[in-house]
Amino acid sequence: MPIQSFDSSGCVRSPDGIVRYQHRPASLIEMMRASVDRAAGEVALVEVGGERIAYGEWWRRASHVAGGLRAAGVARGDRVALRLPNGVDWCVAFFGIQMAGAIAVPVNTRFTDAEAAYVVTDSGSRFIFVPNEPMPCAAPFVCDDIVRTDVSAIFYTSGTTGFSKGAMLTHEGFLANTETCRRVGLLPAGTTVRSLVSVPLFHVTGCNSQLLATCEAGGTTVIMRSFDVRTFLDTIEAERIDATLSVPAIYWRAINHLGFRDRDMSSVRWLGYGGAPIAPDLVQSVIEAFPNARVVNAFGLTETSGVATSLPHEYARTRPESVGFAVPVVDLALADAVADVGELIVRGPNVVPGYWNNPAATAEAFTDGWLRTGDVARIDRDGFVQILDRKKDLINRGGEKVHCVEVEGALAAHPAVFEAAVMGVPDPMMGEKVGAVVVLKPGHAAAIGDLLDCVRARLADYKTPQYVVLQTEQLPRNAGGKILKKSLRQSVEWGAPVW
């Protein structure tokens with residue numbers, strides 16, 4: 001019998017089989033308007049080292065941006081790319097896009113120009129917000145006829161071909177996730193919450209589960225422009241942060257920072273982690289380092305608009321290997337299960353309807369409202385989920401997804417490379433780092449630094465291998481010619497990181 005510790009009141013299964021929260025706003029615009037009506041003068045956004053603005057000012061600026069987009073020819077349903085860094089302007093632009101009736105396309109700021117260009121081109125974005133350029137501004141405009149099934153944003157995520165896929169997040173998906181965050185204890189309701197965003201806003205963790213959840217609560221979102229461990233700790237103390245949600249690597253760096261024991265972390269009452277594998281001893285260290293906090297593990301995907309399962313504080317010590325159990329509006333099952341192990345599939349109002357401009361990938365991943373996550377999992381009799389492996393050949397580097405095929409292709413571009421196999425290397429801080437086994441062409445030579453430069457010239461910096469093994473023998477393959485990575489993992493000795 002599954003454990004039921006989350007508040008599921010007001011959850012009703014619709015005729016389409018989906019469980020939904022009742023009495024939710026129809027759109028992000030309606031949600032934002034309610035927060036402005038309640039707390040127009042309260043501080044909504046704080047940019048660390050920058051400005052502070054109240055809810056009323058956020059609404060005013062966003063509506064002028066919306067008017068500017070309309071004046072620039074952006075119509076309802078048009079895509080608008082968002083290449084701004086973390087900060088107040090990102091938040092203003094995001095809601096300006098919503099108010100214009102358009103679809104936001106957040107772009108990873110660590111992408112190379114070529115990677116970013118793919119996202120902009122594939123989405124067909126009509127306008128691009130870029131740093132150091134004035135945002136569009138005209139008479140205020142607010143689109144008032146948005147419905148819950150309208151697409152609100154397209155977040156690009158790694159795909160099995162090595163190209164990013166645009167997951168289409170609806171207004172309902174966003175708002176199901178903000179309610180979930182409140183119910184599972186990642187963020188409380190109420191205007192006293194002060195949430196620290198230390199991860200990128202172009203990811204669903206920072207945008208959906210922090211910024212938007214805090215906005216609905218009428219609280220204050222404090223935003224780091226980029227991560228720095230000293231700034232992270234300084235900000236918690238100076239801003240009296242009481243809620244934070246981040247990847248395990250950030251907590252590892254904070255706890256191991258010189259002088260951490262002299263810091264005052266007593267204000268933190270809600271602490272969430274997820275987005276990457278976490279070591280059980282790190283869970284224990286986090287609990288000890290933040291003694292007043294309820295510690296919550298959260299698991300989800302871009303395709304689930306955020307959180308799909310959550311491990312409550314009460315089980316953090318005893319079940320650290322688990323990502324918890326289904327949140328109130330999510331159904332879980334295992335596909336192709338053998339001995340209680342199979343591919344985790346998810347259904348709920350938070351699951352996206354598909355991928356932008358990619359019917360083949362949509363058909364492969366979605367069936368009758370169920371999402372195939374690509375994660376191999378076990379669900380025990382109490383409903384606890386344990387992620388065992390990934391069907392997709394991805395590396396989860398501190399929450400940043402790295403597609404192995406993409407890195408292998410970049411390595412293969414070097415004239416001396418015969419073949420390469422890329423895989424995750426376990427790491428206590430990041431969860432995984434990128435490792436590459438490279439076979440050079442006979443008679444050729446190449447320095448490891450040259451190979452890394454070849455990757456850096458083509459891909460974002462976090463995709464560059466930190467472990468490289470050069471070998472002369474060919475990589476092990478099966479009869480079909482596929483590299484046997486499981487065998488390779490068991491035999492390779494990585495040695496020290498190369499950078």
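**Exercise 1. Classify how helices H1 and H2 lie relative to each other.**

Solution. H1 and H2 are oblique to each other. Two packed helices are described by the angle between their axes and the distance between the axes.

- Step 1: take the geometry. H1 (residues 28–39) packs against H2 (residues 55–71) at about 140 degrees, and their axes are 8 Å apart. Axes are lines fitted to C-alpha atoms, for helices over the stretch in contact; angles run from 0 to 180 degrees between N-to-C directions.
- Step 2: apply the classes. Under 35 degrees is roughly parallel, over 145 roughly antiparallel, 65 to 115 roughly perpendicular, and the rest oblique.
- Step 3: H1 and H2 cross in a left-handed way (the near helix is turned anticlockwise from the far one by less than a right angle).

The model is predicted: local features need pLDDT of at least 70, side-chain atom pairs count only at pLDDT 80 or more, and totals for chains, interfaces and linings use all residues. Residues are numbered from 1 along each chain as its sequence is written, and side-chain values use heavy atoms, with hydrogens and water left out.

**Exercise 2. List the residues with which H1 meets H2.**

Solution. 

- Step 1: H1 brings Ile 29, Met 32, Arg 33, Ser 35, Val 36 and Ala 39. H2 answers with Tyr 55, Gly 56, Trp 58 and Trp 59. Contact means heavy atoms within 4.5 Å.
- Step 2: sort them. Seven are nonpolar, two polar and one charged. Ala, Val, Leu, Ile, Met, Phe, Trp, Tyr, Cys and Pro count as nonpolar, Asp, Glu, Lys and Arg as charged, and the others, Gly among them, as polar.

**Exercise 3. Describe the sheet built from E24, E25 and E26.**

Solution. 

- Step 1: the sheet is open, with strand order E24-E25-E26 and mixed pairing. Two strands pair if DSSP finds at least two bridges between them.
- Step 2: find the edges. E24 (417–427) and E26 (467–471) each pair on one side only.
- Step 3: check a pairing. E25 (residues 431–440) and E26 run parallel, joined by five bridges. Gly 435 has Tyr 467 in E26 as its bridge partner.
- Step 4: H12 (residues 448–456) lies across E24, E25 and E26, at about 120 degrees to E26.

**Exercise 4. Is Asn 132 buried or exposed?**

Solution. 

- Step 1: locate Asn 132 in the loop between E7 (127–129) and E8 (151–157).
- Step 2: read the backbone. Asn 132 has a positive phi, near 65 degrees, and is not glycine.
- Step 3: Asn 132 is exposed, at 82% relative accessible area (buried is under 20%, exposed over 50%, partly exposed in between; 1.4 Å probe, protein chains only).

Key
Helix = DSSP H or I, 4+ residues; strand = E, 2+ residues; numbered from the N terminus.
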